[in-house]
Amino acid sequence: TVMACRVVSKRKHMGLQQLSSFAETGRTFLGPVKSSKFIQGEECHESVLISSAVRLLENLDLTNAVGQLLNEAVQAQNNTYRTGTNTLLFLVGAWSRAAEECLHLGVPISLVVSVMSEGLNSCLEEVVSLQVPVRNVFDLIDNTKTFSGLETFNTSLFPFLQIPSGAGLRQKERDLKDVTSQSLAVSSLSGRPVKSPELFRPQAKVETDKNTSQTSQALKNSLLANTRCRKSVLTHSRHFCSTDNNQWISKPDGFLEQHGATTPKTYECNELVELEVGLSHGDHNSMKLVDEAVRLQCKSAGVQHGNCSRPFLLDMSRIFTCCLPGLHETFSCVCPGYITVVSITSTTLIKELQHQSIRVILIEGDLTENYRHLGFNKSTNIKTVSESTKFQQESPEELWISHVLQVLIKFNVNLVLAQGNVSERLIEKCTQTKQLVIGSVNSNVMQAFAEASGAVPVAYVTQVNENCVGSGVYVTFWRNVPFDAAVQIQRIAIMLKTEGMNLVTVVLTSPVTAQMQGKEDRFWTCAYRLHCALKEQKVFLGGGAVEFLCLSHLQILAEQSLHKGNQGCSGWLRNTSSWLASSLALYRPTVLKCLANGWHRYLSTILCNTASYSSEFEASTFIQHHLQNAVDSGSPLSYILNECSKQNSGIFNSGISDKLEGIPRVYDIVTPKIEAWRRALDLVLLVLQTDSEIITGLGHTQINSQEPEGFLFL
Amino acid sequence: MSRLEAKRASLCKSEPLTSERVKATLSVLKGVVTSCYGPAGRLKLLHNGRGGSVRTTSQSAALLASLPVTQPVSKILTTSVQNHVSCFSDCGLFTAILCCNLVENIQRAGLTTTTAITLNKHLLSLCTEYLKSEICACRLPVDFGSARPLLCLARSLLTSKPACLLTREEVEHVAALILRAFLLSVPENAQDRITLGKSVIVPLRGQRVTDSTVLPGMLIEIPEVQLMRILPIKKSDSFKVALFCASLSGDLSETGEGTVVLSYGVSLENAVLDQLLHLGRQLVSDHVDLVICQKVIHPSLKQFLRTHGVIAVDRVGVALMEPLSKMTGTQPIGSLKSVSPSSYGSVKDLCTAKFGFKHFLHLIPNEATVCSLLLCNRNDTAWDELKLTCQTALHALQLTIKEPYVLLGGGCTETHLAAYIRHKTRDEPESILRGDGYTQTELRLISEAFCSALESLAGSLEHDGGEILTDRKYGHFWSVQADSASAVNWPDLLLRCGCGLYSSQEELGWSFLKGTHHPFVPQTCLPREASESASDLTLDCFTAKLSGLQVAVETANLILDLSYVIEDRN
């Protein structure tokens, strides 16, 4: 083997360029209105419709080392949080361009690293002010106010992007036709539709705009909501030091609080529906399913524990998705229990088993004759011979099957759930003897059945004893599927239920198979967002507010360091005694501005993706305008909130604000979001500091034929 | 029919160091290691170009392990550095760069090989004697009563590995954890012989660095489903433990070659299972509470043990076996036949813990010298780098117990040492030459080569185009912006020296490291209060650096001494 060494960074940093070009492919996934991509495999002609960074990178051939690092970062974010990957991908692109810009301006690499990570840290401290506590959302849970009731509410509040005294309303109505459907509406300062934050509308362009007339109502709603936003706002804040109306205070935990005349009123989100709508980011269909799942789980938890006294958390391991491609969208629903598909040949069996309590065993591995547990090495050199010929009529599999059947009959078992594959022959035989065998069962489902039915999972049928058998399971057909649809796919959907089982199945249907994966992904995204918000008991005020705060905060930092020089510098160099420490002040404004440009691009891309602006330039100008205002005000946070209140008081009288209760805000989840930022910057800085690529195991000739230049050999 | 081929003659090259190819390869190697050096070092992206795993690193251990060097001269170098790293963990790049510099400089000096080698050895012993002596001014004694020097050492190590991607807060957090893990591995009742315990690093990728933590005892990862089945764990003062290194999976691994013929109706699998269940009955009757197996336990045996209230954990892996055996006092059992009761050990308590998405069984020992460092980092490559760094830091702390000293880091030791050698060769050449018959001119030439090798090693810390200065009082390392040549007021431009001990406010008198040298006598004997006043020092591991220095000089001598390379081409 020969080792080759390629110098990555010369004048142009190849790694950063690769990063930004990869990230560019995911630009359209950012924000609420995503454009899907259609990926087609050249070999097998399979195609898939994707609209997320994870799926994009999964489907790309990334043999390139930098691409691989990017993929790793996106996968790591996805595995840990299941959300935030589109943001991560975009910021990787934006910040690698920012880093390149710094290099062009002659900033030493070590300083770029130091100032950028310092800048992001400072942003992270700043955005704590926009956290809203989530408390006791299950206290008021009642069935009268459900998610579907609020569906028609507009969910777009970009806290500072407001419509000035009635301007441009008509124009807004016209523009909205392009991007919105009945459940969402958008508003902006200039009267143009602004991002309806993070709302997912892949089908937006397909759907006809049924109710443009509703938009003005929705618009009103959004503005009204701002009044409420102002109403419940606080008094003393360190962020308000420059303004007169010190209403906000930031509590030690970072949450905003209002100091009213009598008792302090906390600014918080304490209604489940409000939280859900805020976190749906426009994907009402998915969030509606999540809402139903939560309610079912909460109900069963309430039944089990008497009441919901301890804080209820969404138990993700007890939610299961069952995808039924080919069925119309309206069949999507949430049901308690386990729903799965079995072969249509089991129809008669299920009819017979219906309406009776049956006994179940759970098999951890495959249910085949030659299956052995993990770690068991089969000896290949063992041969069985028989002294007489009379035993040899039956094959080992037949023997095994008859043994399994004996066990099932002995313990009076009518249902077998196996985590792995099941022998086709066994299923056939069992169907004859009225035993239903289902393979490929998810491990969480197995666990749920184990807990509810009392069954103990075993690896082999031989292990089964009376203690391993569970009971009280009911099987039935899943009601919704019309028979002809079932015949078409040769499978039928059935439902398994046990008393006290907290498993919830979300049935997802789509007539277009290529959309199935995306639909499932979107459901989980919403579910994990809610899960995270409930777990962390806090959310961010969403709709770009945090990103705008970061942008303006960095802008202010940059200007401050320009004037103040090295004073108040919190920059940290790994090597504190280096000359770079004294040059920090010189380069700081430049680097901070480049970092801020990343946020700027982020916001303007969202505006562009929502089609509110025809060009990135236009969107950019719009943001620039607000940025200038925010920076001039001296406190971006107060600017955002003051801007709200100023405009609202100009337009609305007190009469309307009474109707405000229940109009949702937009929320973002906290940790996954800031982790995505951090991961994005980490990756950019990692690549920025990389000066050469070392390729092991390639021959001279191979490299020479690919790229003749820039290689050194060892 | 076999074909016979005549053996090819071996290839013999004389004076390998004069070959252009060898020179070129050495200079590529030097470029790679030099560019990685220090806190501002550049990273290398290691991959196989075919979609294999990608690693970003600046550490010699990771770098040299994946550099398949074929050129014999370079191979000598990388092998000795790797040997050094396997014994001392730290200072691998230091050794590699110094060795490259020495070979280059001494070749340029144009002396005969024997002269160069002998004088090199003299200079090396001058260095080591000085570093080990009480008058040494770049060495601090470590008082274990205070955590500060140890914390500084851990912190310096962490900051010198940029690919760990840590922020300042994270460095502080991990440095504190390393120190805690180290202290937990030191036995409380120290007699004349101390046996250090072990710190096991438990991976938790994908989480935030600040979620990392240290726990006494050991964590064994187990799947959630399995965890559910062992709950609730009964209360007890002590749990009896059996530890198996043999597989309990019930397979017939040793049937040997050939075919085993069985009669119909005989099942070997069942026979082995019976044996396993017999073993299970013995464990139950011996009142074992916890069975841990390195490999797999047969599901039926697991079921049997569970129904008798014995917790069974399998697939713990070979890495955990030694610390487990040490902590519980068990003899790992390698046979299924019979188990001697003397092989059992015990733990004080058992509980479960969840970190990130992982579930663990937490074994709490009676006497804690084994601890677990649960290490988190956001992505895989950064985690690998952080793990290696933590291992290095733990090792450095252990070495510090043996020789309770630390060296000043940040390039100061190197520049000070160079100044000291210059002063000695100029003022007391006879004490170095020891009447070996070499002239003072020869000594001065070699000493110049040696010192500039040390100085350019220190200079390798700079990667952003700055210049290096040295002061004429202590001979420490100072860095300054490139275009500030011959500035009038140095104290305004400089902050602190590389290790952080001295401030520029003291009147020191500076000169460029690369320029002409005005010999001076560097101040020896570090005042005790000097080390105590400075809060944030950059420190290096004494033992590792001293060994690195020796390995570098000896390897350079070996390379210089090569007169033939004989290559077997068959």
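Modeller: Gladly! Let's start at B:P232, which sits in the loop between α8 (224–230) and β8 (239–244) of chain B. Helices (H or I, at least four residues) and strands (E, at least two) are DSSP runs, numbered from the N terminus. Keep in mind that this is a predicted model, in which local features need pLDDT of at least 70, side-chain atom pairs count only at pLDDT 80 or more, and totals for chains, interfaces and linings use all residues. Residues are numbered from 1 along each chain as its sequence is written, chains are lettered from A and ligands numbered from 1 in the order in which they are written, and side-chain values use heavy atoms, with hydrogens and water left out.

Biologist: Which kind of peptide bond joins B:L231 and B:P232?

Modeller: Most residues other than glycine have a negative phi, and most peptide bonds are trans. Here the bond between B:L231 and B:P232 is cis, with omega at about -10 degrees. For phi, look at A:S440, a residue other than glycine with a positive value near 50 degrees. A:S440 belongs to the loop between β14 (436–438) and α13 (443–453) of chain A.

Biologist: How do I read strand pairing, say for β2 (residues 37–40) and β3 (residues 47–50) of chain A?

Modeller: Two strands pair if DSSP finds at least two bridges between them. In this case 4 bridges hold β2 and β3 of chain A in the antiparallel sense, with A:F38 opposite A:L49. The two strands form a hairpin with 6 residues between them, and A:H45 in the turn has a positive phi of about 60 degrees.

Biologist: Which strands pair with β16 (residues 405–408) of chain B?

Modeller: In a regular strand the side chains alternate between the two faces of the sheet. Strand β4 (residues 139–141) of chain B pairs antiparallel with β16(B) over 3 bridges, and B:R139 stands opposite B:L407. Strand β20 (residues 539–541) of chain B also pairs antiparallel with β16(B), again over 3 bridges. There B:L407 faces B:D540.

Biologist: What does B:T369 touch beyond its neighbours within four places in sequence?

Modeller: Contact means heavy atoms within 4.5 Å. On that basis B:T369 meets B:L184, B:S185, B:V186, B:P187, B:G197 and B:K198. Its place is the loop between β14 (358–364) and β15 (370–377) of chain B.

Biologist: How many salt bridges are there over all chains?

Modeller: Side chains of opposite charge can pair when their charged atoms come close. The rule asks for a side-chain nitrogen of Lys or Arg within 4 Å of a carboxyl oxygen of Asp or Glu, and over all chains it counts 45 salt bridges. One of them joins A:E118 and A:R588 at 2.3 Å, N to O. A:E118 lies in helix α5 (residues 109–126) and A:R588 in helix α17 of chain A, so the pair ties together parts that are 470 residues apart in sequence.

Biologist: And how many aromatic pairs does a search of the whole structure find?

Modeller: Rings of Phe, Tyr and Trp (its six-membered ring) pair if their centres lie within 6.5 Å; planes under 30 degrees apart count as stacked, over 60 as edge-to-face and the rest as tilted. The search gives 15 such pairs over all chains. Among them, A:W599 and A:W677 are edge-to-face, 4.7 Å centre to centre with 75 degrees between the planes. This pair links distant parts of the chain, helix α17 (residues 579–609) and helix α21 (residues 671–688) of chain A, with the two residues 78 apart.

Biologist: Last one: what area is buried between chain B and chain A?

Modeller: The size of an interface is often given as the accessible area lost when the parts come together. With a 1.4 Å probe and the loss summed over both parts, it is about 7,000 Å², of which carbon and sulfur atoms give 55%. In chain B, the residues B:L45, B:Y264 and B:R378 lose the most area to chain A, together 10% of what that side buries. In contacts, 82 residues of chain B meet 75 of chain A. Across the interface there are 6 salt bridges, including B:E269 with A:R372 at 2.9 Å, N to O. Strands cross over too: β20 (residues 690–695) of chain A runs parallel to β2 (residues 43–47) of chain B, joined by 5 bridges, with A:I694 partnered by B:L46.

Definitions and conventions
Buried area = accessible area lost by both parts, 1.4 Å probe.
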